[in-house]
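Please read this briefing alongside the sequence and the model.

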Amino acid sequence: MESFLQQLTRGNAFLLIIILGAGGSFQSGYHLTDLSSPSPFIQRFINSSWYDRYDEHPPAQTITMIWSLIVSLYAVGGLCGAVCVKFISGRLGRKQAVIFNSFISMVAAGIMLTSKMANSFEMIIVARILYGFSSGLGGSLHVMYLGEISPRKFRGIVTLTSATFSSLGKLSGQFFGLSEILGREDLWNIVLCVPAFFSLVNIMALPFLPDAPRYLLIEKGDDKACKKALQSLWGPADYKEEMDEMLTEQAAIEAAPPKSPLQLLSDRTVRWQLISMSLIYTCNQLSGMSAISTFSFDIFLEAGIPTDKIRYVTLGLGVCEIITSISCGLIIERTGRRPLLWGGYGVMSACLVFVTVTMNLKNSSHWVPYITAGLIFIFIIFFCGGPGGATATLNSELFIQSNRVAALVLMGIQRWSIFAVMGLVFPFLIEALSSYCFVLFACMCLLGCLFIFFVLPETKGKTLLEISEEFEAITVCGKSFVGKKSVETRL
């Protein structure tokens, strides 16, 4: 860890990581929580806007429908952004694509800011779609950029910063939404525009920082620019080992040109990588974490926490996320990825089972709701210190350069599709099943724990080609997806 901090301060890497985080996963994290506080003010605005136009108050179901569109179309925008990442990053390059994405975020903020003055709830919907597009595109670009600027020995801790900035964004959304800060009826449009400031910083600072070295060498073929970028980021050195690894990967790519998402789906040599990432993303989305982040107020209300204390409990969740994400970054290169993943899923599954029990016993004693809150805090700790943090690292380690962008598109489509479905289904799920909905989440966590423990190989300290070879060696019942001699796993 000490050597990492020393090298981090020798060049511009630390500054670039902060700038990328502020314009990347911080924004998507912020928009996950920023609607919870101003939601009653926005619904009243919809009512008054409708009345000013038609001289009558809208039916309650109309307000609910418009509010549902404001919430759910964010995920639709995110899905579109995830689909476009391959085209935009290929045309503009990594750095210019991030700057372009920051412009989209600022346009969305401008529309949101003026919606109140224009008395138009339609502008809120448009702004939310653009925010979603920016989050979908920016989240994928952030992870891609981090993976391509980091040397192999620091790849885990650098890519994990995307999870830390996402947690910081969630906390900021909760913090600025407090009534003591910006969570008041006259300021609801401003609280939804806070990320625009960080987008502006991104636009102003990125032109003075280097593009991704791996992109410059492998895709642009510019070895001088690659070496200059490495020296600018990590300080003066030869970097022969890093560049040799990139050249080896470039040779492999020339033998197998970049693939589209559909071509990647039909490629048997990366089948296990796709299955692994797809299952991990599914388990993350259906682990209950997204539901807890988005519907924390409803969950704590159902658990029996007093209404006036809920906002402070949710703020504590945000602080817990950040501390755990940073702690995960400090240990991931020592422990490896697998123990953090399967161990995290295992503890999360147990926590959700106990949450189900305590929520059913909430009326038995006044302290039981606080046991439920404590279990949710433990759940958050093991998610952010395990699957939530390590997944970002796997994104940049399981696929070589020619496959990585297509894989990010596929994973982005899956992530945002599940997010949209969960946003629509979970309110009805908690109403129909009450606390028993957490049993479903516990089963998904257990599935992730078992799959990772028996199948997923360790990626710590290995080149991308070595990782690919380990996946090709996986067999189930003596059979492999590739027609090579393979080695048995524990499955």
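**A buried charged pair**

Arg337 is buried, because its relative accessible area is 1%, where buried means under 20% relative accessible area, exposed means over 50% and partly exposed lies in between (1.4 Å probe, protein chains only). This is a predicted model, in which local features need pLDDT of at least 70 and side-chain atom pairs count only at pLDDT 80 or more, while totals for chains, interfaces and linings use all residues. Residues are numbered from 1 along each chain as its sequence is written, and side-chain values use heavy atoms, with hydrogens and water left out.

- Arg337 forms a salt bridge with Glu397, with 2.6 Å between the closest N and O atoms; a salt bridge is a side-chain nitrogen of Lys or Arg within 4 Å of a carboxyl oxygen of Asp or Glu.
- Arg337 lies in helix H19 (residues 337-360) and Glu397 in the loop between helix H21 (387-395) and helix H22 (401-433), so the pair ties together parts that are 60 residues apart in sequence; helices (H or I, at least four residues) are DSSP runs, numbered from the N terminus.
- Glu397 also counts as buried, because its relative accessibility is 0%.

**Other salt bridges**

- The structure holds eleven salt bridges, and one of them pairs Glu185 with Arg44, whose closest N and O atoms are 3.1 Å apart.
- Glu185 is in the loop between helix H8 (161-176) and helix H9 (188-191), whereas Arg44 is in helix H4 (residues 39-54), so this pair ties together parts that are 141 residues apart in sequence.
- Glu185 counts as partly exposed at 38% relative accessibility, and Arg44 counts as partly exposed at 43%.
- Asp238 and Lys227 meet through their side chains in a salt bridge of 3.5 Å, N to O.
- Asp238 sits in the loop between helix H12 (223-234) and helix H13 (240-255), while Lys227 belongs to helix H12, eleven residues apart.
- Asp238 is partly exposed at 46% relative accessibility, and Lys227 is partly exposed with a relative accessible area of 30%.

**Nonpolar cores**

- In the largest nonpolar core, which has 80 residues, Ile42 and Ile70 touch the most other members; such a core is a set of buried Ala, Val, Leu, Ile, Met, Phe, Trp, Tyr and Cys residues joined through side-chain atoms within 4.5 Å.
- Helix H5 (residues 60-118) supplies the largest share of this core, 17 residues.
- Apart from this core lies another, of 60 residues, including Tyr345, Ile380, Phe451 and Val455.
- Not counting residues up to four places away in sequence, Ile42 touches Leu35, Trp67, Ile70, Ile124, Trp188 and Leu192, contact meaning heavy atoms within 4.5 Å.

**The surroundings of Ser140**

- Ser140 is placed in helix H6 (residues 121-149) and counts as buried at 8% relative accessibility.
- Leaving aside neighbours within four places in sequence, Ser140 is in contact with Val85 and Leu408.
- The C-alpha atoms of Ser140 and Asn395 are separated by 9.4 Å, although these residues are 255 residues apart along the chain.

**Leu440**

- Leu440 is found in helix H23 (residues 437-454), and at 45% relative accessibility Leu440 counts as partly exposed.

Technical notes:
Helix = DSSP H or I, 4+ residues; strand = E, 2+ residues; numbered from the N terminus.
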